[in-house]
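This report is meant for someone meeting the structure for the first time. Please look over the sequence and the model before reading on.

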Amino acid sequence: MGVVTYDYENTSPVAPARLFKAFTVEAPKVWPTAAPNAVKSIEVEANPSSGSIVKINFVEGLPFQYMKHQIGGHDESNFSYSYDLIEGGPLGGKLEKISYENKFEAAAGGGSICKSSMKFYTVGDNVITEDEIKALIKGSEGVYKPVEAYLLANPEACN
């Protein structure tokens with residue numbers, strides 16, 4: 001098994017606290033509403049806390065039917081969270097899991113900067129290329145961008 005680390009930053013006009021809520025504790029409510037062309041539903045095992053399993057079900061016609069995340073932790077005071085993608089989605093036979101550490105920070109001109117560190121754990125001698133990682137990031141924008149647009153259009157959401 002090999003491990004490839006990839007760091008990524010993205011800016012948003014939305015405040016860090018609202019993005020944090022939309023991508024953690026309020027995700028089961030926000031994602032299907034904001035991204036109905038991608039997310040069908042989100043099922044959370046018990047309370048969304050460390051160790052809990054979150055299943056994201058996608059609409060028909062997308063490359064993946066579902067993904068399962070295991071929550072690593074949430075730090076609401078620092079707008080950071082971590083989780084492992086442990087089943088479904090882009091894992092296939094090539095990846096054992098993908099670990100994510102995300103943090104939303106205030107941007108100098110308003111809005112926020114999302115800093116992500118991803119670790120790709122490959123199966124056996126498989127390798128993952130930078131182009132494949134960039135394609136996965138682009139695919140995740142199918143949820144990120146609609147959630148961002150939803151928050152901008154609904155200023156009362158995730159406050």
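## Pairing of strands and the model itself

Two strands are said to pair when DSSP finds at least two bridges between them. In this structure, β4 and β5 meet that description, pairing in the antiparallel sense over 8 bridges.

The model is a predicted one, and its confidence should be kept in mind while reading. The protein chain has a mean pLDDT of 93, with 97% of its residues at 70 or more. Confidence is lowest in helix α3 (residues 130–153), where the mean is 91, and highest in strand β6 (residues 95–106), where the mean is 97.

## The sheet

How many strands form the open sheet, and in what order do they lie? There are 7 strands, arranged as β1-β7-β6-β5-β4-β3-β2, and their pairing is antiparallel. The edges are taken by β1 (3–12) and β2 (39–44), each of which pairs on one side only. From one strand to the next, the twist averages 20°.

Helix α3 lies across β1, β2, β6 and β7, and runs at about 35° to β1.

These helices also pack with one another, at an angle of about 95° and with their axes 9 Å apart. Because angles of 65 to 115 degrees count as roughly perpendicular, α2 is roughly perpendicular to α3. On the α2 side, the residues in contact are Val-30, Trp-31, Thr-33 and Ala-34, which meet Val-143, Pro-146, Val-147 and Tyr-150 in α3.

Phe-20 has its place in helix α1 (residues 16–23). Is Phe-20 buried or exposed? Its relative accessibility is 1%, and since buried means under 20%, Phe-20 counts as buried.

Leaving aside residues up to four places away in sequence, Phe-20 touches His-74, Asp-75, Glu-76, Phe-79, Ser-80, Tyr-81 and Phe-104. Phe-20 is 95 residues from Lys-115 in sequence, while the C-alpha atoms of Phe-20 and Lys-115 are 12 Å apart in space.

## Salt bridges

Side chains of opposite charge can pair when their charged atoms come close. The structure holds 6 salt bridges, and among them is the one between Lys-94 and Glu-132, whose closest N and O atoms are 2.7 Å apart. This pair links distant parts of the chain, with Lys-94 in the loop between β5 (80–88) and β6, Glu-132 in helix α3, and 38 residues separating them. Lys-94 is partly exposed at 26% relative accessibility, and Glu-132 is partly exposed with a relative accessible area of 30%.

Another salt bridge is formed by Glu-105 and Lys-115, with the closest N and O atoms 3.1 Å apart. Here too the pair links distant parts of the chain, as Glu-105 lies in strand β6 and Lys-115 in strand β7 (residues 112–122), 10 residues apart. Glu-105 counts as partly exposed at 25% relative accessibility, and Lys-115 counts as partly exposed at 32%. A further salt bridge joins Glu-130 and Lys-134, with the closest N and O atoms 3.5 Å apart. Because Glu-130 and Lys-134 are 4 residues apart in helix α3, about one helical turn separates them. Glu-130 is partly exposed with a relative accessible area of 45%, and Lys-134 is partly exposed at 42% relative accessibility.

Key:
Residues are numbered from 1 along each chain as its sequence is written. This is a predicted model: local features need pLDDT of at least 70, side-chain atom pairs count only at pLDDT 80 or more; totals for chains, interfaces and linings use all residues. Side-chain values use heavy atoms; hydrogens and water are left out. pLDDT is the predictor's confidence in each residue, from 0 to 100. Helices (H or I, at least four residues) and strands (E, at least two) are DSSP runs, numbered from the N terminus. A salt bridge is a side-chain nitrogen of Lys or Arg within 4 Å of a carboxyl oxygen of Asp or Glu. Buried means under 20% relative accessible area, exposed over 50%, partly exposed in between (1.4 Å probe, protein chains only). Axes are lines fitted to C-alpha atoms, for helices over the stretch in contact, and angles run from 0 to 180 degrees between N-to-C directions. Contact means heavy atoms within 4.5 Å. Angles under 35 degrees count as roughly parallel, over 145 as roughly antiparallel, 65 to 115 as roughly perpendicular and the rest as oblique.
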